[in-house]
Structure formats: structure tokens, C-alpha cells
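Visitor: Please pick a single part of what is shown here and take me through it closely. I would like to know how that part sits among its surroundings.

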Amino acid sequence: MRKSFVTNNIKLKEFDALIRITVEMSKYLYPYIREILKSKEDIEENSVIWNDFNKRFIELIKERFNIDSMRVKKLLNQAENDEIIIKSLLILSFCISNQGYQKLKNFLYDF
Amino acid sequence: MQNKFSFHQSSASLEIIGLPDYSDNENEDQISIISQWKLTIVDKPLIEGKIEHLGPIMDAFYIYSNLLLKNEIPIYESKLIDIKADNLHIHNVVLKSSKPNVKPLVLKIGNSLLSDTINCFDQLNESPKVKIKKTDMPTNIPKKLRFGLKKKVKFFNFFIPPFIAICSLILFSSSFIYLYSPFENIEKKEQINPE
């Protein structure tokens, strides 16, 4: 899905390391993740945070992902990407405990 | 004197009050015998109950959050608590009282409050100071999920024994390659039929 000329398969150690980094980042960013989720709950009253986040998310996808891929096109489609984004944010917000690494790993294997 | 521990996460706070189990040589600052618990969510009524209610309520939230993420129908029903999704952002929590003639308490919580509550439960689970003895309560986990779990177990039970058997046969038979010498056989045949 990434914009890359080389297709490298991720190694198990790298996968583990990425999960650990993600969990640590979500611990740090939990207040922001929470505010984004909250903003979507009452979108009529507080749409600014969600709109800013969504705009930046799409910008980053266009910048770093291969936009010719069907899966990436799905991420860019605003009608379809809401559910994917919310579920991803929920997964991150559920994994901020000390056992977050194991939880995130389980979520990813089950996905 | 009873011990009291609080677990906070943004808009949710869980308070556990109880005593250590001295018969199990526990420290004075631990809790094993929970006498009271309170879950406070900002702008929502206070949730409190007996010790036997805490485990099932925690399980309900964990199972529901898993259903929500796995694209299953997010419905959890039990004698004590029902959780259903209004939409992707709002969840309906119905807490049923064990006392007769008491109306169930209905709460509408968003994703932010759901994640706060689950993080409070996570903190409680990971706390070395509080031990929870979980009680079994009948639950109505959607059949689809139960079937999925059973199917996985059945699949592995069905698949693994023949797989191990085939692997062991291959390993066992491959060891005979060292005993079999095709050149000797050809020589013997030549000796029997010299042409």
C-alpha cells in the first residue's frame, strides 16, 4: 500500500518493534485520540477537530501511499473511511495500558 | 479500617473499597475482599453494586469492545447488563437491578467514555494491590462469535493430529533413504541375469 519501489516483507522483530512504538505513542497521544473520537460523537456541535484530523489523514495518505491501489482508494473515500478511522482510533485507545502491547498484537492478529 | 483505591482515566473513575485477606498472608495495603465499588462517569449517574456484579460488568465491556472492533454485531446481553450500539459512535448501556421493582438504569455513552471506562478496568486488572475473584454469570454472547470460537478450536483439533502424523511419517520414512542403496540392487540384478 505504501509508495515504494521495493517490496520488502516485514520481519517479526520489526513487527514487534512497530507494535511497541505504536503502543507508547498512543499512551502519549491518548488525550488527542479521545478528543477526536469525542468530536465525531457530536459532530454538529464540535466538528472542527474531526475535520482537521480527517483532512490531515487524507493529506498524509496521498503523500505516502500508493493512491492507485484499491485499498488506498477506499481509505480516501470519505463515505467509507469513517468506520475504518474510528475503529483504528478505538483500537489505539484500548491499548494504552501496561499490557497494551499484547492487546494490540491480539487485535491485529484478529483483524 | 478499609482500604480504598481509585483508578482514573479522563472522564471515568473507578473506586474500589475493601479489605486484605489476612488468612492468605496479604499485606495491609492490599484488597482481596471487595466490599464496595463505584464507577463514576462525568455527566452520568453513579454506577455501584455488589462485588459479584463487578466481574460480569467488566467482562461485558471487554466482550462488547471486541465485538465492536471485529465487525460483529455489537450486542451484549446478560441478566445484569445489556450493551447495544445505537450507531458507530453511541452505545446504549442498560444496567438491570437485582432488586425487584427497580427500573433498569439506561446510559448512553460515546466512544470516548467507552474507552475511558475500559482503561479504568485495565488499570484495575493490572493493579498488584487489588485481586478480583471473578464469578461466572450466564451471558448471551452472539451465536456467531461463539460459533467462531468453537469453529477455531474444532478446526485446530481436527487439523493438527493428521498434520503431525503426516510429518512424523515423512521424517520416519526419510531415515530409510540412508539404508537403501540403489547401486547394490543393480549389481545384484546383473549378477543374477548376466547377459
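Guide: Helix 2 of chain B lies across strand 1, strand 2 and strand 3 (33–41) of chain B, and runs at about 30° to strand 2 of chain B. Such angles run from 0 to 180 degrees between N-to-C directions, the axes being lines fitted to C-alpha atoms, for helices over the stretch in contact. This is a predicted model, in which local features need pLDDT of at least 70 and side-chain atom pairs count only at pLDDT 80 or more, while totals for chains, interfaces and linings use all residues. Residues are numbered from 1 along each chain as its sequence is written, and chains are lettered from A and ligands numbered from 1 in the order in which they are written.

Helix 2 of chain B covers residues 111–126 and has the highest confidence in chain B, a mean of 94, whereas strand 9 (residues 139–140) of chain B has the lowest, 52. The score behind these values is pLDDT, the predictor's confidence in each residue, from 0 to 100. For chain B the mean pLDDT is 80, with 73% of its residues at 70 or more. The model scores ipTM 0.88 and pTM 0.75.

Chain B has four helices and nine strands. Helices (H or I, at least four residues) and strands (E, at least two) are DSSP runs, numbered from the N terminus. Along the sequence of chain B the pattern is β-β-β-β-α-β-β-β-β-α-β-α-α.

The length of helix 2 of chain B can be checked: at 1.5 Å a residue its 16 residues should span 22 Å, and the end C-alpha atoms are 22 Å apart, which agrees. The expected span here is 1.5 Å times one less than the number of residues.

Of the 16 residues of helix 2 of chain B, 12 are buried, so this helix is largely enclosed by the rest of the structure. A residue is buried if 20 or more other C-beta atoms, placed from the backbone, lie within 10 Å of its own, exposed if 12 or fewer, and partly exposed in between. Among the buried residues of helix 2 are L113(B), L114(B), I118(B) and F121(B), and also D116(B) and D122(B). Across chain B, 22% of the 195 residues are buried.

The strands that helix 2 of chain B lies across are strand 1, strand 2 and strand 3. An open antiparallel sheet in chain B has four strands in the order 1-2-3-4. Strand 1 (3–9) and strand 4 (47–49) of chain B stand at its edges with a single partner strand each, so one side of each has no neighbour in the sheet. Neighbouring strands of this sheet are turned by 15° against each other on average, direction ignored. Strand 1 and strand 2 (residues 12–19) of chain B pair over seven bridges in the antiparallel sense; two strands pair if DSSP finds at least two bridges between them. F5(B) has I16(B) in strand 2 of chain B as its bridge partner.

Helix 2 of chain B also takes part in meeting the other chain. Here 17 residues of chain B are in contact with 18 residues of chain A, contact being C-beta atoms, placed from the backbone, within 7 Å. Helix 1 (51–69) and helix 2 of chain B each supply at least two residues of the side of chain B that touches chain A. The largest share of that side, eight residues, comes from helix 2 of chain B.

Notes
Contact = placed C-beta atoms within 7 Å.
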